[in-house]
Amino acid sequence: TPQADQPLALSASVIEAIKADLVAADKDSNGKIDADELKDLLRKHNSKFTDDEIVELGDLFYASSSAEGVAIEKFIEALEAGF
């Protein structure tokens with residue numbers, strides 16, 4: 001069980017599955033995930049999020065990525081590094 005201060009270790013197969021979902025969510029095929037694409041992906045995978053939470057997460061994501069989205073490869077690198 002990971003400690004609170006330790007990064008979450010994801011297996012290669014989980015990272016590949018996440019990458020495949022990110023690529024599929026990249027509707028405009030620009031290699032980046034923008035806030036709307038993230039919202040759609042969250043809705044697809046987790047019905048536990050309310051619409052308001054999804055909008056809030058998407059807005060936070062959008063604001064933190066300088067309104068341009070985040071490159072899928074950078075997102076994957078962050079996952080591999082344990083956030």
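The questions below go from the overall layout to single residues.

Colleague: What kind of model is this, and how are its residues numbered?

Modeller: Residues are numbered from 1 along each chain as its sequence is written, and side-chain values use heavy atoms, with hydrogens and water left out. This is a predicted model, in which local features need pLDDT of at least 70, side-chain atom pairs count only at pLDDT 80 or more, and totals for chains, interfaces and linings use all residues.

Colleague: In what order do the elements of the protein chain run?

Modeller: Helices (H or I, at least four residues) and strands (E, at least two) are DSSP runs, numbered from the N terminus. The protein chain has four helices and two strands. From the N terminus on, the order is α-β-α-α-β-α.

Colleague: What percentage of the residues in the protein chain is buried?

Modeller: Buried means under 20% relative accessible area, exposed means over 50%, and partly exposed lies in between (1.4 Å probe, protein chains only). The protein chain has 83 residues, and the buried share of them is 24%.

Colleague: How far apart are the end C-alpha atoms of helix α1?

Modeller: The expected span of a helix is 1.5 Å times one less than its number of residues. Helix α1 covers residues 12-25, which is 14 residues, so it should span 20 Å. The model agrees, with its end C-alpha atoms at a distance of 20 Å.

Colleague: Within what arc do the buried residues of α1 fall?

Modeller: The buried residues of this helix are I15, L22 and A25. Seen down the axis of α1, they line one face of the helix, because the arc that holds them is 85 degrees. The arc is that of the directions from the helix axis to the C-beta atoms. On the other side of α1 are two exposed residues, A12 and S13, whereas the arc of the buried ones is 85 degrees.

Colleague: Which residues does L22 contact, leaving aside its neighbours within four places in sequence?

Modeller: L22 is found in helix α1 and counts as buried, because its relative accessible area is 2%. Contact means heavy atoms within 4.5 Å. Leaving aside neighbours within four places in sequence, L22 touches I33, L41, I72, F75 and I76.

Colleague: How far apart in space are L22 and F75, C-alpha to C-alpha?

Modeller: F75 belongs to helix α4 and is partly exposed, because its relative accessible area is 25%. In sequence, L22 and F75 are 53 residues apart, while in space their C-alpha atoms are separated by 9.1 Å.

Colleague: Which helices hold K44 and D21?

Modeller: The structure holds two salt bridges. K44 and D21 form one of them, with the closest N and O atoms 3.8 Å apart. The pair links distant parts of the chain, 23 residues apart, with K44 in helix α2 and D21 in helix α1.

Colleague: How far from D26 is the nearest side chain of opposite charge?

Modeller: D26 sits in the loop between α1 and β1 (32-33). Lys and Arg count as positive and Asp and Glu as negative, while His and the chain ends are not counted. D26 is buried yet has no salt bridge, and the nearest side chain of opposite charge, K27, is at a distance of 9.0 Å.

How values were computed. Salt bridge = Lys/Arg side-chain N within 4 Å of Asp/Glu carboxyl O.
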